[in-house]
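Trainee: I'd like to learn how to read a structure, one feature at a time. Could we go through this one together?

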Amino acid sequence: MDPRLSHDGALLVLNSGSSSIKFTVFQVADAGKDISPLFSGQVTGIGTAAEFSVKDVSGVSLARESWAERDTGGVAPLLRDLIAWIRTRLPDLPLLAAGHRVVHGGAGFHHPVRVTNRVLDELESLIPLAPLHQPQNVSAIRVLAESFDGLPQIACFDTAFHHSQPFVAKTYGLPRQLSEKGVQRYGFHGLSYEFIAQRLRETVPEVAEGRVVVAHLGNGSSLCGLKDGRSIDTTMGFSALEGVPMGTRSGSLDPGILIYLMREMGMDADALEHLLYQESGLLGVSGISNDMRVLLESDRPEAKEAVDLFCYHVAKEIGGLSCALGGLDALVFTAGIGEHSAPVRSRVCSYLRFLGITLDEDANDRGDTAIAADGSLPVYIIPTNEEFMIARHAVDLMNLRNAA
Ligand SMILES: Nc1ncnc2c1ncn2[C@@H]1O[C@H](COP(=O)(O)OP(=O)(O)O)[C@@H](O)[C@H]1O
Ligand SMILES: CC(=O)OP(=O)(O)O
Ligand SMILES: [Mg+2]
């Protein structure tokens, strides 16, 4: 075993998405039992006008710069600059490992895995299944390997948490040969759901054992039905397109639309991919923005229609997942929109009275942790922390916890 594993050290976690790279540097102490964040940051707006910012644990800004001028050639040069910056700020501790969020683990990866050349090739082969995310995830691993020769890197998968789902949740109504070749529902945002399930277990164990729907509403949005902390069903499927309409992604469609667009409008696979991943969802319906904040502030009817469409579909999925769970004991909102948008939570919950949900609108406006009215099923706002979950997995995999 690597002799450094029994020592305190630093751990770098990278969460590279379609238009952002989030990162946290953790200090790992007490042979891995103690994982505490030192500083976190992000490069946002990649592809339009990248901006770099970092804060320490108490929220004090360590850096805030426009990286728009560097944002010319994809994510790899930005990753190099980011890693160079992090290198200068690493604490006086050995860098033990890096953990990555990798969006698609395909049919093969159900657990975090240490990255080898063979693993990297397999992750690359999954790019067609997650074209908005997987190239960035692979790029992050490659760039880090260039900068820190021999550094252990651990890939943690968004799909892995959903592996326990039953056949009926995982399977499309397609010929069996296709399912057997991997055309099945995988689900995403698994690291986020796993974090929420753990947080519920720590804070409200009696709820955590029950039937809970978690609404992870961000730029990418999905919902998950948890029973006793395990994923029973989720709204994203084979790719991160299925389910509710998102910032720029369509959500579920009648597949007949794709045949129509190909035959009658001459669209090929690349054109369809661009339409469904980049030009649809809140942006496509509103014609204004993919950002929920902008839409909520706009007084244009198209903005209101886009927000209404989003809330309607989120509520409908909560109904569907409650059916999959055989009832509902609690609802959780998380991620950018779920954590920060009181109007969206309020609109979604206005559809859910039949399930026994009524919000305390003052608590909702304040963004309290518990926002249900008296007599309602519990409704919580729980900030997600995919980076912490990745750190936990990376440390567990490196066997740091037991190395004492
Ligand atoms: N105060 C807010 N009100 C409404 N929406 C917000 C607010 N803050 C953030 N958001 C939304 O959250 C989104 C980002 O969520 P996040 O979970 O960070 O997304 P992702 O990880 O998918 O990039 C933004 O695009 C924005 O629409
Ligand atoms: C899978 C997915 O949609 O991820 P994100 O929310 O980071 O876009
Ligand atoms: Mg996200």
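Trainee: How are H12 and H14 oriented relative to each other: parallel, antiparallel, perpendicular or oblique?

Mentor: Start with the words: angles under 35 degrees count as roughly parallel, over 145 as roughly antiparallel, 65 to 115 as roughly perpendicular, and the rest as oblique. The axes are lines fitted to C-alpha atoms, for helices over the stretch in contact, and angles run from 0 to 180 degrees between N-to-C directions. Here the axes of helix H12 (residues 301-325) and helix H14 (residues 342-350) come within 8 Å and cross at roughly 50°, so the two are oblique to each other. Helices (H or I, at least four residues) and strands (E, at least two) are DSSP runs, numbered from the N terminus.

Trainee: Which residues make that contact?

Mentor: Two residues are in contact if their C-beta atoms, placed from the backbone, lie within 7 Å. H12 brings Cys311, Val314 and Ala315, while H14 brings Val344, Arg347 and Val348. By class, that's five nonpolar, no polar and one charged. For the classes, Ala, Val, Leu, Ile, Met, Phe, Trp, Tyr, Cys and Pro count as nonpolar, Asp, Glu, Lys and Arg as charged, and the others, Gly among them, as polar.

Trainee: Where do these coordinates come from, and how is everything numbered?

Mentor: This is a predicted model: local features need pLDDT of at least 70, side-chain atom pairs count only at pLDDT 80 or more, and totals for chains, interfaces and linings use all residues. Residues are numbered from 1 along each chain as its sequence is written, and chains are lettered from A and ligands numbered from 1 in the order in which they are written.

Trainee: How is the chain divided into domains?

Mentor: Domain bounds come from an automatic or database domain assignment. In this case they give domain 1 (3-157) and domain 2 (205-381). Their centres, taken over C-alpha atoms, are 27 Å apart. Six residues of domain 1 are in contact with five of domain 2.

Trainee: Why does ligand 2 lie between the domains?

Mentor: Both domains give residues to the shell around ligand 2, so it lies between them. A residue is near a molecule or strand if its C-beta atom, placed from the backbone, lies within 6 Å of it. Among those surrounding ligand 2 are Gly17, His133, Asp158 and Asn219.

Trainee: And how many residues surround ligand 1?

Mentor: There are 15, and the closest are Gly218, Asn219, Met292, Gly336 and His340. H13 gives the most to that shell, with four residues.
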